[in-house]
Structures are given as C-alpha cells and as structure tokens.
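Subject: Structure handover

Hello,

Here is the structure we talked about. Please load it before reading on; my notes follow below.

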2 protein chains.
Amino acid sequence: MKETILSELLLQRLERPAGTQADRNGTHMNRQLYELIRQEILAGSISAGSKLPASRLLATEIGVSRNTVLYAYEQLLAEGYVTASTGRGTFVSQTFPDHSALHKAGARIGTTPVPAVQQNSNRFDLSRRGMHLVSNAGASDRQWGAFMAGVPDVSLFPHATWARLLNKHWRNPRPQLLTYAHHGGYMPLRRVLAEHLRLARAVRCEPEQIILTTGIHQAIDLIARLLADPGDKAWMEDPGYWGTRSLLTNAGVDVIPVPVDNEGIAPDAARLQDPPRFIFATPSHQYPLGTVMSLTRRRMLLEYARQRGAWIVEDDYDSEFRFEGRPLASLQGLDEHDRVIYMGTFSKTLFPGLRMGFMVLPKPLAPHFATGLSELFREGQLMQQAVLADFIEEGHYATHLRRMRQRYAQRQGLLREAIAKRFGQDWPTSTHEAGLHLVVHLPPGADDLGISMAARTQGLSARPLSRYYSDEQRARQGLLLGYACVPEDDIGPAFHKLAEVIEPALEHLARTRQPPREFSARINNEAWSGA
Amino acid sequence: MKETILSELLLQRLERPAGTQADRNGTHMNRQLYELIRQEILAGSISAGSKLPASRLLATEIGVSRNTVLYAYEQLLAEGYVTASTGRGTFVSQTFPDHSALHKAGARIGTTPVPAVQQNSNRFDLSRRGMHLVSNAGASDRQWGAFMAGVPDVSLFPHATWARLLNKHWRNPRPQLLTYAHHGGYMPLRRVLAEHLRLARAVRCEPEQIILTTGIHQAIDLIARLLADPGDKAWMEDPGYWGTRSLLTNAGVDVIPVPVDNEGIAPDAARLQDPPRFIFATPSHQYPLGTVMSLTRRRMLLEYARQRGAWIVEDDYDSEFRFEGRPLASLQGLDEHDRVIYMGTFSKTLFPGLRMGFMVLPKPLAPHFATGLSELFREGQLMQQAVLADFIEEGHYATHLRRMRQRYAQRQGLLREAIAKRFGQDWPTSTHEAGLHLVVHLPPGADDLGISMAARTQGLSARPLSRYYSDEQRARQGLLLGYACVPEDDIGPAFHKLAEVIEPALEHLARTRQPPREFSARINNEAWSGA
C-alpha cells in the first residue's frame, strides 16, 4: 500500500469533528487516529509489511498536528501493531498467529473444520462442581421485605453513630489501615470481641484465637479447604442451611445429612460407627427449625468428637436474639478438648452488607487459619474493622442488640397473632424463644414450594421448609417467615395476603389427601422426633 | 443431696462482693449464681437427679432476692442443666453422654484407652491441601514501607473526598444497600465501570457482563470452582503470581508452569498439543517481570483458545499505571470469540484494604458467575460500591490515576537512579514503562532469598525473584522492589541500606563462583529468552 493511499483511507474514515482546531489536536484526535489505524490493521485493510506514512507527511495530509500522529504511532508501537526501524520508517507488523507453529503442534487452524461440539455447546459449559453449585442455588434473589428470612431490620441500624465513627477514622487515616490485612485482622477489634463473646456467649478465647472473616460463608470455606481433603465426610443437620451444603460440596467434602430431633442433631448408632471429619451444627437455634440443642446432646457430641478426632463446627448465626433469659451459652464454652470451631457473624446483629464475621479457633489452628485466609482471600477492610471496634467499645453494639431484641420479640408476637387469628391458636409453628424467623408448619403433602412460588408473585418471600432437607423421605412441609425486617404495621396485612395463597393450597390438599385437622395433632406430638 | 447442703455449698463458693445489697441482687449476682450452679453440675458435685432448693428458700439462705434465684434457675432450665416438674420442683438433669449408646455404636469411652495417634499428633492436622497451601504461603506479613511490592501509596488517596461521599451515602442509607448484594453487585457502579474500561482499557463489555468481586483472589477462586473440576489443567506464567498458583492448586486444578519469553507466555510445541482448560496471563505487564505481551502472541493465544475451547484469564492487575503513552489495550478487547475472562482490581488504583475488584465475563457466563458468587460468598458492600460509583462518576478516579501515574513514574526514576549510582548504569533491571515495582536482576547463583531475609532484618522488603518460579531449573535471581509506596526522599537512603546487604552477598558469590561482570552481558542479551 502506497503511503498516500493510507492517508486517503484515513481521511475517509476519520470523523471530522465539528469542533475547533484545538479539538482536532487534543487527546480526542490522538485516540481516534490510533483507534482507526489499529482497526484497519486488524481488519487487514492495511496489510503486514506496509510502511506507514512519515508522521510529518500524514499530519499535513489529514490536517492534524504532528504530535497527534506521533502519539498514535507510539501507542501502536507499544502495543506491537507496528515496528519502527531507525532510518527506514514505521511498518505494520506481522501479527496474525503463526499458523505453521500451531500446525506443527497439531492444532487445527483456519479452514480445517472444528468439531461442532467444540464450537458450540461445550464452549460455555460449567464444570461438574460449578454446574452442581449453580443448579442447586439456595441464595434468594430478594434480600428485603416481608417475609425475607435471616435479614435483620437494617433501617433501624444507628447509621448516624456509624457515620460519625467512619468520619473519625477517615479524617486522618493511618496508611496501615488502608492496605492489606494479615494475621487474622485488626487486633483491637479481636480484643473487644473476645470480651464480648466471653460475656454474651460464654465463649472461652484469647484475641489471638479470633480470625476476622467476611462472614459465615468464608469461615466454612476456610474450614473445608484447610481441614478437609476431597472425599472427607461432614455431618450436617437435616434440615439445615443451604450455604453450608453448597460450600462443602463444592469443596469436595462428602456431606452426610443427619436428622434433627428435639435435642438437636441426632446421629443414630450406625452413623456413629463411621466418624466424620466435621460435625456442622447450630446448637443455639437450629437452622431453620429453631430447636435448642440439649445439654445431653452437647456433651455427647463433645465426647464423641474428642474420641474420634472430629471437628464440631458451631454456627452461632443469630444467637444474640434470644428473647427470654440471657442468650444460651455456646457449645464452644463447654469444650475442654479443643474440638469446637466457633463461627459468628455481624450480618444479623448489624447489617448483612457489612460483610463481617469471625471464627474462634483452637489455639493450635489459629495461626494456620490466619495464613490460609491471606493466601486464599487477601483480607483487608481494616478501616471498617477499626470503626466496628469503636462501635462495640463505646457500647453502641450492646445498646443496639438490646433494642433489636425487643423489636424482634414484638414482631414475632405480631406474626404469631396473625397466624393464630387466621389458622387457630394450635396451628403448629416453631419455637418462640429466639431468632429472626419462625417456621409455619404445613400438613404432610402440602406443596410448600408451590405456595412459595405463588407468594412470590404477590411480592412476598416465604421459603419452603421442604427445600432445607437433603433427604426427601424426611422432608416436612412448611414456610420460613422472617419477621425481623418487616415493620410492625405491615406484619398483619402481609400475613393476610400470604394466607390468601396458603388457604387454597390447603383446601386442595384436604380434598385430595388427608384433612389438615389431623395435622395439628400429628405435628404437635411427633413434631421433633424426626418420625 | 439435701437441699440445705446445696445452699451451704453455694454459700461457701459464692464470692461475697464487697458492694451493697444492690450489687448482690443485680445482674452480677444473677450471673454468678447461674455460673456457680452450672459449674457444680458439670463437675459432678451436684449429681444428676438432685433436687434444687425451692427458689424462695435458697434466696433466704444465701441472702439474695428471689428474682435472682429464679433468673439463674430459668437459665439453667433453658440450657438443659435442670428440669422442672410442676408441683415437684427443679431437678438436676442427667446430661453426661449416654455411654451405653456410644458403646453400642462401637465407640471407645472413658476408661478404654484411645490410641495415642488419635489423642495427640493428628488432632490438629491440616488436610493435605491445607498443609500445601499454608506451607507454600506467599502472602507477605508486611504490607507497607520500602520496598513492598504491589502496594500503592495509600497515604496519597484523596481520603477527604472519599469521606465526603461516604457521609453523603450514610446520611440516609437505603435499606437495600445495607443488606446482601446479588446478581453481581451495584448496577450503577457496573455502568460507570463498563464505560471506564472501554475508554481506558479497550475492554468491550456491557454492564451486565461485569461481576463485582472482593479482588483478584475471589475472581480466580470463582473461575476455578465454576469452570474447572479437580484434575483440570491451567497454564500459568512462570515466573508468576503466587496467589494464582495457591488458589488453583487448592481448588484441585493442576497448575502447569509455562515459561515466559520477551513476548509473554510461551508454550512450546509439545505443550500446545495438550490444551489446558485455562491460560492465566498478565498481558499488559507480566507479573513480576514487567514484559508486555506482543500482539503476535496475543493473537496466537486467542486463536488457540478459540480452537481448543480454552479460557484465557487476563489478570490486568496494575495496567492503569503505564507511564508513557496511554495504557495498552486489553487482550479482552481483541477477542472476537468470547474466550477471555478479564479480571481487574481497585487494590492498586485506590487502596488494597477496600477489597474491591471485578471481572468481565463473556455474556453466556455472567449469570452463572453472579449465582456462583452469591452461593459461595454471599456478597455485600453495596454502600461501598455506591460510594465508588460516585467517586468514578464525579471524575475523582481519573484525577487520582493521573496524579499517581506521575508520582509513580517519578519514584521509579529515583529508584533507577539509586540503582545506577550504586551498581552502574548497565545493571540489568526490568522494563521501565509501567507498574508499581521493578526487578533488580542478580547474577546467576546469587542467593536472592538470603538477601531478602537479611534485608528484612533491616526493616526492608525485597522479595526474591527466584521464589516466583515454579521450575527451579528456570529460576533466575533478583529482587522485586516496590517503589510506589515509598516517599521520594526515602528511596535513595532505603536503597543505600539495601545495597549494604546485596553487596557482601555478591562479593561472596564472585569469590566462589563466576564474577558478576559477566552477568550484565548475559542478562542483557538473553534476559527474556527464557534460556
């Protein structure tokens, strides 16, 4: 290609800006010229080996400053589109893939057809574990409103106090707090947290045993990856938290669902003969049923874990919200043999978007987990950790917990009233004492998934209990109703709306199967026996 | 045990507070009484089946209010230490593990000895993959100061502007921004980011293709877990980023180190015959050597990935800091066949502790990655994302990048001057154009690890280049020196201090092996040939 032809081509293609000469020579034009030449090279209209016009010549021909051309050429040079040879000029590079090299390597190139399967369907396939994860997704695509389970009322979070503390720290931030964190996070926060956990949860720990995480998910993931190899076994409560199952399964851990009775996770004799690597449990408030693990069961698990070298992972996700008496002591506090790993989160007590949680580890594990956290996740957020340390230390955390505990108790009461009003006093629901949600049980055979989907069309979240079970034989029907994030005045009307969805489903069930009347007696008598 | 004996026991054990009667009946006493009875039950001094004294009686005997006793009893009841039988009283529960049940299950209990290996050494063992991760840890335990690589100067971050935007958003936060995120994060941020990436990095994407992450690590992890199964292969640049290797290996992916030549990652013919699932690369600025991938190599890789259905993962970690010309266009922008996954981070452009990054995915993958992110990590931080969206939109991001680019160019210049002054103009160092660190090469055989450790005792970070190689045969010696976070005035003196450590090591090498004189010629001629 003659140099002048290139100039003409460029002239044709160049958008002529309506602006002034200044525009034409500004960065806009540098960029435009570079883009244009680059596109022509990629499209093949300026072929490899072509010499680009001398910069001065091109500048004159297309009416831009020489600097503009030089800038574009330098950029093309830097990116390998052109090469410069001193004294000879600037040439378009040979940048098409070297077909002969690929050929030698046995690759099929260009005209050789590629098998269809490679071309299309497989091109965007997830891996087996990825597909399993995505197709068993449990996370809700809604995170707010009636009756979203597990979401606190973030509108009552004392944001002015938080903003004041944020301001204080951002006024003159220490550089060390803006860079990566290491060794498990901000030590002053771990200190106040150790104190809080000792008082509020009877957790026994030194600050060095605490690792700050982004929440329960990161903690589970870290446990699975540092303490388990693929094929290791974990017992998990059935029903239980979908996130635990997803994370463990994705990490190659073999999840064994273990039924829950009225004392908590209940492995039978056969199960006990085959000790797992982990026992995942929610002793303070079984998720999602709300049962409290009995002391007998706690001690049995601790003894069993000690003997068999298993790890008990205590997920203490919402234990701060116990409405009567003080919060139940943690399982960790009963452990004399370092077999419990304790996980907590600020998602329920402050706000989920904060993404802050923690784990309390046996002393010999803590340094390994600090290292593992840095390797896998490169932690940070020290500013946020410093703000939270102040928030706890100045007493705002305790005050907020107290306030929310009252609010949630009141909201739970209102929801129970609404249920009783519509379905009768004896309609079976889960325990009263604690938490951010309750379970409304439904008669066996009720289509809780269908009800949930119908509720969704009414703008209501009501997650189906049956979906929390791994074992379909064991699955019971019901709805998880979160009351924590629903304002008092909305609870009655929202439940009324939900009942309009539930009732037709129950009537249909009564016509076709057993009447719901039998159901109350059944659930009340056998409810937690796992029968 | 007689009820009065229990009262006596409790009286003996009760700390008698020096305070007033009010103290004795306050929460302090509630708690103390509860703890005391609990401990006695656990220790076995109050045996199972014992009846606790009537609350009124105990209150009188130990001199506390009846409410104090009732509170303690209720808590013990709630936690299962005691049971209440209406009209009969309160009894200590049988809570020791049911030995017979465990026996039936074949477990060894109590007096039966447990094999030593179970009792001790194995009790805190990490898994194989956990041990591998921790014992090959690459994360530094320092994150600030001369010559920490990969850390920007966070003290120059416009914190007042950031604080103002934080304030604006926290003044009246929308509840939806305080709860969990989903679908890949805050859409307005993804919109401004798509625009920024298009202009600054020639990335072609719609906002829907962007998933907000907590950084490069989370992105790599997500890729490995959604797109690979254990045993799948990934090519990785050798030398390369330790984090990529750690994450992939921990996720069961088989990492294959591929040498880097002066055009970038350079698979040979044999390697090309065995296509991997992933090709991880740093095209804009090879980490850690600083080379720019040639256009020829880029097009070869894209063509190869298209044919073989491989994924190219482009890690564009610090490409914004290119000191001459505009930043190099991304590999993603050249891709016509959706084979590139692009990863970026704000760790280098804003501050690492922010923990914010992003990935740009081919359209068919984006929804799966959004779901996978929610399942594995439950994302949040929408407030922070909203602040960042404003920060970019109001032009502060572009301004900050411009300012930092100048500063880092200046600092790199000062470090080069210091090196030249001490070791001569021709001493081999890595490329000049970009980034937050440079590599000072050392003669073959130099103990860069030893130098690094000695530097550490002087309070200096200087990471050894040889440790970035997987293949020891290929490893070259040198030091990674980060200049970005070192104030201008400190660079010369800090390098002087470092040179005091380097020189004796080189003199020792010269006496025992080959003289460093040969080295300059060697590195300059063969430096990037991978020879």
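Which ring does the charged end of A:Arg339 sit over? That ring belongs to A:Trp311, and the charged end is 3.9 Å from its centre. Chain B holds another case: the charged end of B:Arg378 sits over the ring of B:Tyr180, 3.9 Å from the centre. Keep in mind throughout that this is a predicted model.

**The two chains**

In general, a rotation about an axis and a shift along it relate two copies of a chain. The same surface serves both copies, as 99% of the contact residues of chain A recur in chain B.

**Chain A overall**

Chain A has 531 residues, and 59% of them are buried. Its secondary structure consists of 20 helices and 14 strands. Take the contacts in chain A between residues at least 6 apart in sequence: 73% of these join residues at least 24 apart. The accessible surface of chain A is about 20,600 Å². Carbon and sulfur atoms account for 49% of that surface.

**Aromatic rings**

Over all chains there are 43 aromatic pairs. One of them is A:Phe278 with A:Phe280: the ring centres are 5.7 Å apart and the planes stand at 65°, so this pair is edge-to-face. Edge-to-face requires planes over 60 degrees apart. Both partners are below the 20% cut-off for buried residues. A:Phe278 is buried at 0% relative accessibility, and A:Phe280 is buried at 4%.

Ring pairs link A:Phe157, A:Trp162, A:Phe351 and A:Phe391 with B:Trp170.

**Helices in chain B**

Helix α18 of chain B covers residues 396-423. After α18(B) comes B:Gly424, with a positive phi near 95°.

B:Gln385 is in helix α17 of chain B, residues 382-393. Its relative accessible area is 5%, so B:Gln385 is buried. Leaving out residues up to four places away in sequence, B:Gln385 touches B:Gly185, B:Tyr186, B:Leu189, B:Leu212, B:Met356 and B:Gly380.

**Backbone points to check**

Most residues other than glycine have a negative phi, and most peptide bonds are trans. The following go the other way.

- The peptide bond from B:Asp238 to B:Pro239 is cis, with omega near 10°. B:Pro239 is in the loop between β5 (233-238) and α13 (242-250) of chain B.
- The bond from B:Tyr287 to B:Pro288 is cis too, with omega near 5°. B:Pro288 is in the loop between β8 (278-281) and α15 (295-308) of chain B.
- A:His183 is not a glycine, yet its phi is positive at about 60°. A:His183 is partly exposed, at 47% relative accessibility. The loop that holds A:His183 runs between α9 (159-171) and α10 (187-201) of chain A.
- B:His183 also has a positive phi, near 60°. B:His183 is partly exposed, at 48%. The loop that holds B:His183 runs between α10 (175-178) and α11 (187-201) of chain B.

Best wishes

Technical notes:
Residues are numbered from 1 along each chain as its sequence is written. Chains are lettered from A and ligands numbered from 1 in the order in which they are written. This is a predicted model: local features need pLDDT of at least 70, side-chain atom pairs count only at pLDDT 80 or more; totals for chains, interfaces and linings use all residues. Side-chain values use heavy atoms; hydrogens and water are left out. Contact means heavy atoms within 4.5 Å. Helices (H or I, at least four residues) and strands (E, at least two) are DSSP runs, numbered from the N terminus. Buried means under 20% relative accessible area, exposed over 50%, partly exposed in between (1.4 Å probe, protein chains only). Accessible areas come from the Shrake-Rupley method with a 1.4 Å probe; for residues, only the protein chains shown count as cover. Rings of Phe, Tyr and Trp (its six-membered ring) pair if their centres lie within 6.5 Å; planes under 30 degrees apart count as stacked, over 60 as edge-to-face and the rest as tilted. A charge sits over a ring if NZ of Lys or CZ of Arg is within 6 Å of the ring centre and within 35 degrees of the ring normal. The expected span of a helix is 1.5 Å times one less than its number of residues.
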